[in-house]
Amino acid sequence: MILINLLPHREVARKRRRESFQAVMLLSAIAGLLIAGAIYLWFQTMIENQQARNGFIASETAILDKQIKEIANIEEEITALRARQKAVEDLQADRNLPVHMLNELVLQVPDGVYLTSLAQTDQVVTLKGMAQSNERVSELLRNLSDNTPWFSKPQLGEIVTANVSLSARDQRRVPSFTLSFHLARSAEAKKAADAAGSARKK
């Protein structure tokens, strides 16, 4: 017996293919959404991790900045303490400086010269006095320059003629001078004395 299919089989096959295609497309869309969601979540996790790292680095940087400021303050305090220590050491080393200065002046001022005033500003000493002649003033300058490690750089400020009354009837005209020189600190004088001693030995 011959069976004849009178149903529209092409239409049924086409419908079946269309439904399977739609199912495949739907599954593909769902799979794509799942993949996209997974990628999004992965990137979101990476971003959160990186933000956490950035926050940690920022907090550590803030701590380091604070420590750097503290170190800078400590260095300033150390510098100030060293300056104070040096000032105290200089004061201790120079406490006998006036004695050395007066002792050296007694040795270096030649006969025929007498001093009328003495003033000191920092390490510069200014002398005023009178002499029997200009040659005595020159000798004083040479002595201050060459004969002692305590004095250096003598400079004659001025020299003028002044009247000196030796008695009611005896008046003389003598040179009146002003000069200045540098007073060495104890450490400088010691170093200069050692250098001079070494030069003499050679």
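User: What is the bridge partner of Val125 in E4?
Analyst: Please note that this is a predicted model. The bridge partner of Val125 in E4 is Phe181.

User: In which sense do E2 and E4 pair, and over how many bridges?
Analyst: Strand E2, residues 124-131, pairs with strand E4, residues 171-183, in the antiparallel sense over 7 bridges.

User: And how many bridges join E3 to E4?
Analyst: Strand E3, residues 151-165, is joined to E4 by 12 bridges, and these two strands also run antiparallel. Within that pairing, Val160 of E3 has Ser176 in E4 as its bridge partner.

User: Turning to helix H2, which of its residues are buried?
Analyst: The buried residues of H2 are Leu97, Met101, Glu104, Leu105 and Gln108. Viewed down the axis of H2, they fall within an arc of 105 degrees, so they line one face of the helix.

User: What is exposed on the other side of H2?
Analyst: Val99, Val106 and Leu107 are exposed there.

User: How far apart are the end C-alpha atoms of H2?
Analyst: They are 16 Å apart.

User: A change of topic: which residues form a nonpolar patch on the surface?
Analyst: Ile35, Ile39, Trp42, Phe43, Met46 and Ile47 form it, with about 610 Å² of accessible area together.

User: Where is Ile39 found?
Analyst: Ile39 is found in helix H1, residues 9-93. Ile39 is partly exposed, with a relative accessible area of 43%.

Notes: Residues numbered from 1 in each chain as written. Predicted model: local features only at pLDDT ≥ 70, side-chain atom pairs only at ≥ 80, totals over all residues. Heavy atoms only, no water. Pairing = 2+ DSSP bridges. Helix = DSSP H or I, 4+ residues; strand = E, 2+ residues; numbered from the N terminus. Expected span 1.5 Å × (residues − 1). Buried < 20%, exposed > 50% of the residue type's maximum accessible area, 1.4 Å probe, protein only. Arc of directions from axis to C-beta. Patch = residues over 30% accessible without salt bridge, like charges linked within 9 Å, V, L, I, M, F, W, Y side chains within 5 Å. Areas by Shrake-Rupley, 256 points an atom, 1.4 Å probe, with all protein chains shown as cover. Salt bridge = Lys/Arg side-chain N within 4 Å of Asp/Glu carboxyl O.
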